[in-house]
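Hi everyone, thanks for making time this morning. I'd like to walk you through one structure and a few of its local features, so let me put it on the screen.

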Amino acid sequence: RKKVTIQTLRSLHRRQEPIAVMTAHDFPSALVADEAGMDMILVGDSLAMVALGMEDTSEVLVEEMLLHCRSVARATKAAFTVGDLPMGSYEISPEQALSTAIRFVKEGRVQSVKLEGGKEMAPTIQKITTAGIPVLGHVGLTPQRQNALGGFRVQGKTRDGALRILEDALAVQQAGCYAMVLEAVPEDVAALITSKLSIPTIGIGAGKGCSGQVLVQTDMLGNFPPGRFLPKFVKQYGNVWGEAYRALEAYRTEVKSGAYPSPEHTYPAPKEEVEAFAK
Ligand code: KIV
Ligand code: NA
């Protein structure tokens with residue numbers, strides 16, 4: 001498979017072929033996403049919850065994101081890689097944002113960064129893209145601002161709300177983003193916004209009308225215990241938790257019973273050597 005570049009993404013968009021994006025947070029999750037043919041791999045700050053067990057994304061540090069980005073970059077041969085700038089690492093000034101973005105490229109080894117926000121982030125996006133680092137925008141529901149939004153709620157359900165997202169999307173495009181995530185927006189609104197843009201939209205909970213889709217890998221794999229809340233847009237394509245649980249429980253049972261390790265999983269040594277050793 002050929003390396004996906006920003007030109008590849010443009011040509012997918014031109015041909016109206018949906019862009020397949022998947023999150024990854026470490027070497028194995030990136031390896032499988034890359035081998036499965038993803039166009040883009042996003043090291044999302046959702047790893048705060050799904051890989052580090054934090055309450056929300058606001059806790060994750062730049063250094064932690066960089067460690068995960070590096071491990072994903074090592075596994076990714078073809079997909080275009082994106083690192084999520086965590087809360088607090090880019091909002092203070094365009095200079096702060098650029099210096100964080102540079103660390104993501106130099107230390108995180110990703111090809112692009114993502115940041116949340118609309119109009120107000122335009123100067124920041126411009127600063128980073130002008131320095132030669134491609135920026136993926138993120139409008140609609142922006143989880144890093146959950147406290148200001150009043151939780152994880154669908155955005156743009158009213159005419160005014162939809163207009164605000166459209167303005168944000170246009171501003172982010174104008175500022176130089178090559179694409180943007182559109183999160184938790186009604187399908188018709190997302191489709192209309194997408195039709196007014198010249199860059200691709202990557203939807204999550206935003207329906208079919210987007211130029212591509214992204215999901216959090218841990219969610220779509222079903223790699224979490226039963227009973228966990230999942231947003232409506234998550235389609236569970238696997239039951240990795242169930243499979244892991246079954247295997248681990250079988251192992252524990254066999255250790256307790258002595259069924260493991262059996263001769264096939266054990267190294268023999270010449271009998272006379274062992275006898276000599278035992279003396
Ligand atoms: O953090 C994340 O995984 C994301 C995607 C879901 C868009 O931002
Ligand atoms: Na994120």
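By class, the shell around ligand 1 is made up of five nonpolar, three polar and two charged residues. Do keep in mind as we go that this is a predicted model. And which residues surround ligand 1? They are Thr23, Leu42, Gly44, Asp45, Ser46, Asp84, Val181, Ile204, Val214 and Val216.

Now on to a pair of helices. H4 runs over residues 62-75 and H5 over residues 94-106, and their axes come within 9 Å of each other, crossing at roughly 30 degrees. Angles under 35 degrees count as roughly parallel, and H4 and H5 are therefore roughly parallel to each other. The crossing in which H4 passes H5 is right-handed. If you zoom in on the contact, you'll find Val62, Leu66 and Cys69 on the H4 side, meeting Thr100, Arg103 and Phe104 from H5. Sorted by class, that contact of H4 with H5 has four nonpolar residues, one polar and one charged. As a reminder about spacing, an α-helix has 3.6 residues a turn, so residues three or four places apart point the same way.

H5 also turns up in my last stop, helix H6, at residues 122-130. What are the buried residues there? In H6 they are Ala122, Thr124, Ile125, Lys127 and Ile128. The elements covering them include H5, strand S4 (112-114), strand S5 (135-140) and helix H8 (159-174).

Methods. Residues numbered from 1 in each chain as written. Chains lettered and ligands numbered in written order. Predicted model: local features only at pLDDT ≥ 70, side-chain atom pairs only at ≥ 80, totals over all residues. Axes fitted to C-alpha atoms, helices over the stretch in contact; angles between N-to-C directions. Helix = DSSP H or I, 4+ residues; strand = E, 2+ residues; numbered from the N terminus. Parallel < 35°, antiparallel > 145°, perpendicular 65-115°, else oblique. Left-handed = near helix turned anticlockwise from the far one by under 90°. Contact = placed C-beta atoms within 7 Å. Nonpolar A, V, L, I, M, F, W, Y, C, P; charged D, E, K, R; others polar. Near = placed C-beta within 6 Å. Buried ≥ 20, exposed ≤ 12 C-beta atoms within 10 Å, placed from the backbone.
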